[in-house]
Every structure is written in C-alpha cells, then in structure tokens.
Amino acid sequence: METNSAIAALTALGHGTRLAAFRLLVEAGPAGRMAGDIAEALAVPNATLSFHLKELVHAGLIQGESMGRNVCYRANYAAMNDLMAYLTHNCCAGSRSDACPPVDNTCC
C-alpha cells in the first residue's frame, strides 16, 4: 500500500459514523449488508449514510453492489489487510525485546 492510499483510508475511517459502518461491514462478513440495514443499525438517516458510504467506497475500504433499487455493501478485506500491513510494516524493528513480536493480523 502506498502512503497516499493509507492516508485516504485513515481519513475515511476518521469519522465516527464511517468507522462504525466499516466495523459493521467487517462483522457482516462476505455477505455484506444492505444500505437500509446499515442505516437502521447505526440510527443514521439514509441520506447521511449515503454520504459516508460514498467516502468509504472512494477510499477503497468497501464496495457496493446494486441489487435492484437497493445497494449491498461489503468490506474490502484485501484493502483492510493492506492497511494493517502498512501500519505494522516495521513493528518493533528497532526493539530487541521479545515482548513485541510481529503478528499476522490478516483477516478473511
């Protein structure tokens, strides 16, 4: 992952509603959730949620699939794993302590 992509992802996740929506989609797994279900779960108006989901899509963290008049959103696990790898790339590289071993945090 390039620095600009990491910045875009972290910026998108830097808002409470977007972070909550992303975590909800990660929890939902590959099946994802419909936009209306996300709005209901987060108690957010549809128009507001649409704005936030668009930001997450633009950052590459989620993907939307049209299903008739509805949209199903899914977490982009590859992008999430890339961001985690970027953030932990040199974790404890300057430490001689065994208290901070590198961890494989890949998901799905």
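Is Arg74 buried, partly exposed or exposed? Arg74 counts as partly exposed, because its relative accessibility is 22% (buried means under 20% relative accessible area, exposed over 50%, partly exposed in between, with a 1.4 Å probe and protein chains only).

## Basis of the model

This is a predicted model, in which local features need pLDDT of at least 70 and side-chain atom pairs count only at pLDDT 80 or more, while totals for chains, interfaces and linings use all residues. Residues are numbered from 1 along each chain as its sequence is written, and side-chain values use heavy atoms, with hydrogens and water left out.

## Salt bridge

The structure holds one salt bridge (a side-chain nitrogen of Lys or Arg within 4 Å of a carboxyl oxygen of Asp or Glu). Arg74 pairs with Glu65 in a salt bridge whose closest N and O atoms are 2.7 Å apart. Glu65 has 37% relative accessibility and therefore counts as partly exposed.

## Nonpolar patch

A nonpolar surface patch is formed by Met1, Leu10, Met84, Tyr86 and Leu87, together about 420 Å² of accessible area (Shrake-Rupley method, 1.4 Å probe, only the protein chains shown counting as cover for residues). Patches are made of residues with over 30% relative accessible area and no salt bridge; nonpolar side chains (Val, Leu, Ile, Met, Phe, Trp, Tyr) are joined within 5 Å, like charges within 9 Å.

Helix α5, residues 77-88, gives the most to this patch, with three residues (helices are DSSP runs of H or I, at least four residues, numbered from the N terminus). Leu87 lies in helix α5 and is partly exposed, at 47% relative accessibility.

## Ala8 and Ala59

Ala8 belongs to helix α1, residues 3-13. With a relative accessible area of 33%, Ala8 is partly exposed. Ala8 and Ala59 are 51 residues apart along the chain, and their C-alpha atoms are separated by 5.5 Å.

Notes
Helices (H or I, at least four residues) and strands (E, at least two) are DSSP runs, numbered from the N terminus.
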